[in-house]
Number of protein chains: 2
Amino acid sequence: MLLLTIDRKSAVPIYRQIIDRVVHLVDGGTLSPGDRLPSSRILARSTGIHRSSVTRAYEELWALGYLESRPGSYSTIRRRARRLTGVERAQPLLDWSAKVVPAARGARESSALLSRDRPAKSDSRVLDFSRLTADVQLTPRDAVRRCFKAVLREDAGQALQYGEPAGYHPLRETIALRLRTHGVDVTPEEIVVTGGAQQALDLLLRALARPGDRIVVESPTYSVALHLFRFHGLDLQSIPVRPQGMDLDALEQALAGQRPALLYTIPNFHNPTGITTNQVHRERLLALCEKHRLPLVEDGFEEEMKYFGKAVLPIKSMDRRDMVAYVGTLSKVVFPGLRIGWIAAPRPLADSVQAIQRLCSLSGNHLAQAAVHRFFATGAYEAHLRRVHKTYRRRMQAMIDGLRENLPRRGVSWTEPQGGYTLWLQVSGTKLAEQALHDRLLAAGVKLSSGRLFHAHAPRHPCFRVSICCSTADEISEGCRRIGRVLRAAVEG
Amino acid sequence: MLLLTIDRKSAVPIYRQIIDRVVHLVDGGTLSPGDRLPSSRILARSTGIHRSSVTRAYEELWALGYLESRPGSYSTIRRRARRLTGVERAQPLLDWSAKVVPAARGARESSALLSRDRPAKSDSRVLDFSRLTADVQLTPRDAVRRCFKAVLREDAGQALQYGEPAGYHPLRETIALRLRTHGVDVTPEEIVVTGGAQQALDLLLRALARPGDRIVVESPTYSVALHLFRFHGLDLQSIPVRPQGMDLDALEQALAGQRPALLYTIPNFHNPTGITTNQVHRERLLALCEKHRLPLVEDGFEEEMKYFGKAVLPIKSMDRRDMVAYVGTLSKVVFPGLRIGWIAAPRPLADSVQAIQRLCSLSGNHLAQAAVHRFFATGAYEAHLRRVHKTYRRRMQAMIDGLRENLPRRGVSWTEPQGGYTLWLQVSGTKLAEQALHDRLLAAGVKLSSGRLFHAHAPRHPCFRVSICCSTADEISEGCRRIGRVLRAAVEG
């Protein structure tokens, strides 16, 4: 017979007390599978409980898997699959690593490769010139805090709800306005806010390319983009980057008789080389794309980093025939952690992109978008930009000076960027492999990014990306001395 | 001869004054393409400016496209492509709507369809039972504000930087802990934080399915997932939902001789029907997936909305053989605008998903993840949950009571959910088409979601999703009276 202790004065409803009691008896082993419970009528009568409470309890016990069948005259205890603890797991039935699609397996390999080249955080003796992200020391914390505070005070209800798939409209207006300072004249409706430039690229690829499609890229180019292209199953037509930028003669030849899905270029402070193309190069590149009806994806990820004062305008600024999808981001200027980037694209493309974004993520981070809008509106953005320009200009100058002073004249060459964060070091006069040179540099206390990360095919000579963004001018000068020592030995030896 | 007014006391460097002046003369038409500039030597001598300033200015003017060639003895003004203003745009060269891939065109159609069913915001007389999102009135603004404030005060430097692709580790720990209250025992390493449940689904599809693959879905099912599946080019095997949940006999038949890529199910408070499957159903479904080696994607989007007290545990809680990828989200509980969802999956799958996330977006919103972690850690989450449970329980009860009181006994049926936000109304006893009935309801002042949105193929009878989440109990009671009037006329008429 079922023993029930019901507390009529408890805040716990009686039906729930019955459930708890039965569960306790089953889990404790007092009741076993096959044991019969009294009918609800009998239990109700014997305990003085209202029958509806018993029925409701039995109904729930059944839903929870403790009873064999829905309450009738007799119910029996059921052998219920137990919830697990970690130790009870059995051998997996699927080989998940094989079950994922080939592109996903490739993504794991890409991710492992990208991780391998990350600096060991622990070693403070190593000067790290491999990172490409806004310096955490320069984060305008107070201004950001004020923006979030204000939005959460005045507009929390809305800002914590879903936003528009294309992004918070006032931010789209702000971005359109900001693009005017770079000569780009687009409407807010041509702007789609994305979760950073990387997501912007991913969305453009989803809109414009199918697995197996050919796209045109620079070589070298931004490493994570390269892996993203591979993840999309794209066939890469690599065009070499010369000191003036992408080799346009090679591009013209490559386009003969072909219809690639798009061309991807980084005309300012190119990642990794730091090269900025000039106006003539930009005009010719755009003309080639127009001639071949080739969508041009312009990555302006460091558009704002023109701290040496030169200001070639984006290709998008000349885009009379709507050929260009322009990608921008705040991640390299101020706060990568908020994931704010954007696409400025011809309206039908922008509409497609926002539709894809809607299906794949419903909306972006509405609160962050509203806070960033305020960051612009209060002038904090401009103030921040002026401040970091000074700092990065000093750092880049220290790097350029340091390399000039310390590097051998022969067998080594490097770019001298007009802004941005990175420059490119090529070591042609050595027999050492890139990895060996990389390890020697690391042993000497400098971490650079390996050139192979930025190439679809391994480069001929060892090359390295050198980033100035997270080191002080003094660290950079010291780093140049270390690089100099290693390279002098490598080139002479 | 070039007229230059140089201000030697100005803070503007002299080379930049030269640039500004030449640009001004060209843009104003005083200098024209083909006009010759003096050599740098002559200009320097005639103005008393240091020659290096002139050289630097000419160098930049060339980069900016204002000079025909690099500075030599003579430089001539170049016909530079002008930056555009909106009115200067010419006919686009590409038909972008045709240029985007078919899936992207489909996404635009999907998005248009989803938008069409949105309520007109302006009409305050219409009671809106179509929205499925946490009620903005219940947002715990102060608690959220405190969390952001604290993170930005104590950890702004890190929180505004890129985060780990798998998510902020303390939040992954918190989620793993929270899942234990639902009987799910996973490690933080099996958790990947995503930008909401929708992005979690998208990532799982990218990891597990290729265009053309077949996947198994419930019919009806979550509308935006349906469109997402189409965007991925998947072949949908629809299994009807019965009052007890997905028809498992039909599933078993459908699986004979097939190898779908995955099965997608919403066992709790199913969207749109509101049905919660019982323990027996869950065990059998899991057994079927194990038998057929079929990855099971369990969407637990309203796991936390068990406000009536019944607590069938997730399928994932029984997942001894690592068959289940579980999707969770905070969007339906507290703040959709922060975009916090997650996947709890077997480790190799979790690793693939985070690798894809890395390539496609580098990192999630680090600041939001840190703030949400604090929202849990301070107990604000639990307090919020208790509060909203009371509210939503009252609302759902008002809806169930209201429909019982007002709807005709014949020709209409509806589900009575055990929690969550939605129930499902089927109108079999009418000759009216769904759209006509929808319009009549709207004219009577109630907005419901059309059933066709949730079906791969149009349903036989008009059906509607009814959501309680954004209306008060009084509004719900009044809404039921309005629905009752329309349906009585439709079914009797």
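**Sheet, domains and chain contacts**

Visitor: Which strands of chain A does helix α13 (residues 347-361) lie across, and at what angle does the helix run to β4(A)?
Guide: In this predicted model, helix α13 of chain A lies across β4, β10 and β11 of chain A. Relative to β4(A), the helix runs at about 30°.

Visitor: What is the strand order of the open sheet in chain A, and which strands stand at the edges?
Guide: The sheet has 8 strands with mixed pairing, in the order β4-β11-β10-β9-β8-β5-β6-β7. Two of these strands have a single partner each, so one side of each is left without a neighbour in the sheet. The edge strands are β4 (191-194) and β7 (245-246) of chain A.

Visitor: Which residue is the bridge partner of A:Val297 in β10(A)?
Guide: Strands β9 (residues 296-299) and β10 (residues 324-329) of chain A run parallel and are joined by 4 bridges. The partner of A:Val297 in β10(A) is A:Ala325.

Visitor: How far apart are the C-alpha centres of domain 1 and domain 3 of chain A?
Guide: Chain A is divided into domain 1 (14-76), domain 2 (114-135 + 383-492) and domain 3 (140-379). Between domain 1 and domain 3 of chain A, the C-alpha centres are separated by 62 Å.

Visitor: Which element of chain B gives the largest share of the side that touches chain A?
Guide: The contact involves 100 residues of chain B and 101 residues of chain A. On the chain B side, the residues divide into 47 nonpolar, 27 polar and 26 charged. The largest share, 10 residues, comes from helix α13 (residues 347-361) of chain B.

Technical notes. Residues numbered from 1 in each chain as written. Chains lettered and ligands numbered in written order. Predicted model: local features only at pLDDT ≥ 70, side-chain atom pairs only at ≥ 80, totals over all residues. Contact = placed C-beta atoms within 7 Å. Helix = DSSP H or I, 4+ residues; strand = E, 2+ residues; numbered from the N terminus. Nonpolar A, V, L, I, M, F, W, Y, C, P; charged D, E, K, R; others polar. Pairing = 2+ DSSP bridges. Axes fitted to C-alpha atoms, helices over the stretch in contact; angles between N-to-C directions. Domains from an automatic or database assignment.
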